[in-house]
Amino acid sequence: MSLVKNEEHPVVFLRLVWVDVGGVRRCRAIPLFSHASRRAAPEGRAIPIVDLSRARKFLYHTSRMALVCFFLPCYGDEGLVLGAWERGDVVLSPAPGPAVKLPGSCDWLAVSTIHLDGPARTPYPWCPRALLHGACERLRRVFGVCLAVGFETEFVLLDAVTKEGLESSVYCQTSGFDVAAEVLREMTSALQACGQTVLHVHGESAPGQFEIVTSHSDDVVGQADAFVVRQEVIQRVARKHGLLASFLPKIWAAQGGTASHVHFSIKSLDKARGKMDGNAPVHGELGDMLAHFMGGILNNVDSLLLHTIGSPNSWRRAQPGCWAGAYACWGTQNKEALLRVIDSGANHVEFKGFDGTANPYLGLGALVCAGMAGLATAAGSSLPPPIRQDPQHTGTSRRLPTASYEQLVKACLGNHIEEKMVRADAEGNLEHQWRESMRAHCGDDTETEFMAFFEDFARLKMAEVERFKGMSFEDEVDLLLERY
């Protein structure tokens with residue numbers, strides 16, 4: 001796809017977008033110039049860029065910047081003295097693949113990868129996109145497994161001034177869809193113009209709440225890229241119509257929450273590996289490979305959740321009776337289970353512990369690492385029986401640590417960073433698979449970088465705990481509504 005010439009607006013921005021650890025999307029904009037402005041500008045000042053694939057070398061030098069931050073708290077740009085600040089200068093570079101044109105704008109958008117500054121363009125050790133790529137490559141190389149994922153993208157449309165829901169219908173009510181049809185039509189058209197396949201659109205339960213479902217693929221990094229683009233497009237189209245689109249998980253205490261459930265399936269790349277055959281039953285209705293992957297997720301659920309529902313508002317959605325997967329269990333068509341197998345015997349699972357405030361690269365990366373931990377230890381052999389009723393009534397299903405944000409943070413982080421290092425020594429733990437996934441681009445520095453990442457991650461999350469402790473629900477929503 002080309003960055004087209006625009007004679008009416010001689011300056012066109014290419015927005016390089018990244019997602020910080022807290023799930024906030026940020027961008028740096030690089031002005032691109034049309035041929036007309038180049039003719040009128042002093043030599044060397046205006047640079048014509050028509051094709052992104054030809055622009056990468058220029059963009060690498062132009063987008064050089066110091067201290068692009070990933071470790072800022074979601075409540076504001078308050079400087080925390082973290083190790084990330086000591087890494088030196090970093091460079092944003094457009095990720096492989098085309099840029100997309102923003103709807104109703106002459107600007108273009110490209111998701112970004114991050115490198116340390118210098119001629120070698122050494123990968124930034126904590127680049128979320130690189131971490132996800134490393135995890136997927138390890139899944140293929142070590143376990144011979146291919147993962148396919150897709151998202152349900154839920155959002156709420158609000159009046160930009162009053163912050164009231166666009167409409168007040170119930171799930172899939174036709175009158176509610178009528179109110180938002182023009183906006184939803186434009187969103188769908190814009191997403192399809194960006195190369196995304198929209199499967200269906202429908203209303204959800206909360207005021208102004210809708211869901212867009214897109215196709216899945218085994219390009220997991222590409223799915224994370226598409227998720228970022230989709231959020232940008234949805235919010236931009238909403239603003240054009242005088243609306244605010246928010247992905248905040250819980251806006252009203254007595255209404256349904258907003259999520260981005262992940263659907264996944266897996267298959268073996270090498271059927272000759274014997275037991276790793278997705279069609280061989282090991283747990284009645286599950287193939288052994290899928291059962292092991294699911295077992296790894298359930299065994300590592302505490303370490304996983306803070307990367308997939310990690311905002312200070314996320315825990316409010318993950319409550320019993322909300323179809324939010326508030327219990328660490330699985331079941332066929334059980335909407336209260338964290339892992340919902342769509343049909344008996346099908347290689348299709350819905351993971352409900354994911355929302356639109358997550359960094360999609362870290363969230364999917366953690367999910368892949370948890371699954372690998374299960375594959376490494378054949379965790380499916382100890383997978384508990386499926387839950388076929390509401391798990392809060394069984395007395396056996398473990399509740400997720402979502403009684404408060406503080407509980408969620410402490411369950412993931414443990415008592416001290418050394419616990420992470422101990423867990424990283426056992427292949428059945430998410431932390432081990434995460435560390436090994438970093439090894440491809442960290443090499444001899446893997447141990448140091450792994451510990452440094454979680455030290456900064458822990459300090460950031462504990463700072464958020466302290467800020468939101470005692471804050472009213474209303475004040476929390478006011479602060480975070482437009483952040484996400």
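Helix 3 and helix 9 are roughly parallel to each other, a label that covers angles under 35 degrees, with over 145 counting as roughly antiparallel, 65 to 115 as roughly perpendicular and the rest as oblique. The helices in question span residues 128–143 and residues 360–377, and they pack at an angle of about 25 degrees with their axes 8 Å apart. Axes here are lines fitted to C-alpha atoms, for helices over the stretch in contact, and angles run from 0 to 180 degrees between N-to-C directions. Helices (H or I, at least four residues) and strands (E, at least two) are DSSP runs, numbered from the N terminus. Helix 3 passes helix 9 in a left-handed crossing; that is the term if the near helix is turned anticlockwise from the far one by less than a right angle, and right-handed is the term if clockwise.

All of this comes from a predicted model, in which local features need pLDDT of at least 70 and side-chain atom pairs count only at pLDDT 80 or more, while totals for chains, interfaces and linings use all residues. Residues are numbered from 1 along each chain as its sequence is written, and side-chain values use heavy atoms, with hydrogens and water left out.

As for who touches whom, helix 3 brings P128, R129, L131, L132, A135, C136, R138, L139 and F143, and these meet Y361, L362, L364, G365, V368, C369, M372, L375 and A376 in helix 9. Contact means heavy atoms within 4.5 Å. Sorted by class, the contact of helix 3 with helix 9 has 15 nonpolar, one polar and two charged residues. For that sorting, Ala, Val, Leu, Ile, Met, Phe, Trp, Tyr, Cys and Pro count as nonpolar, Asp, Glu, Lys and Arg as charged, and the others, Gly among them, as polar.

Helix 9 has another partner in helix 6 (residues 288–299), with axes that come within 6 Å and cross at roughly 120 degrees. That angle makes helix 6 oblique to helix 9, and the crossing is right-handed. From helix 6, M289, H292, F293, G296 and I297 meet L367, V368, A370, G371, M372, G374 and L375 in helix 9. This contact has eight nonpolar, four polar and no charged residues.

Elsewhere, helix 7 (residues 301–308) packs with helix 10 (residues 405–413) at an angle of about 125 degrees, their axes 7 Å apart. The two are therefore oblique to each other, and they cross in the left-handed sense. Helix 7 puts in D302, S303, L305, L306 and H307, while helix 10 supplies Y405, L408, V409, A411, C412 and L413. By class, that comes to eight nonpolar, two polar and one charged residues.

Stepping back to the whole chain, the secondary structure comes to 14 helices and 15 strands. Of the 484 residues, 58% are buried, meaning under 20% relative accessible area, with exposed set at over 50% and partly exposed in between (1.4 Å probe, protein chains only). Among contacts with a separation of 6 or more, 72% join residues 24 or more positions apart.

L248 gives a local view of such links. This leucine sits in the loop between strand 10 and strand 11 (262–268) and is buried, at a relative accessible area of 0%. Leaving aside neighbours within four places in sequence, L248 is in contact with T258, N313, T357, V477, L480, L481 and Y484. N313 is 65 residues away along the chain from L248, yet their C-alpha atoms are separated by 7.3 Å.

Most residues other than glycine have a negative phi. W323, not a glycine, has a positive phi of about 55 degrees; this tryptophan lies in the loop between helix 8 (314–317) and strand 12 (327–332) and is exposed, with a relative accessible area of 52%. Q333 also has a positive phi, near 55 degrees, and is found in the loop between strand 12 and strand 13 (337–341). At 39% relative accessibility, Q333 counts as partly exposed.

Finally, a word on confidence. The chain averages a pLDDT of 82, and 81% of the residues score at least 70; pLDDT is the predictor's confidence in each residue, from 0 to 100. Confidence is lowest in helix 1 (residues 35–40), at a mean of 43, and highest in strand 10 (residues 243–246), at 96. Over residues 1–6 the pLDDT is below 50, and this stretch has 22 contacts in the model beyond near neighbours in sequence. Residues 34–50 also have a pLDDT below 50, with 25 such contacts.
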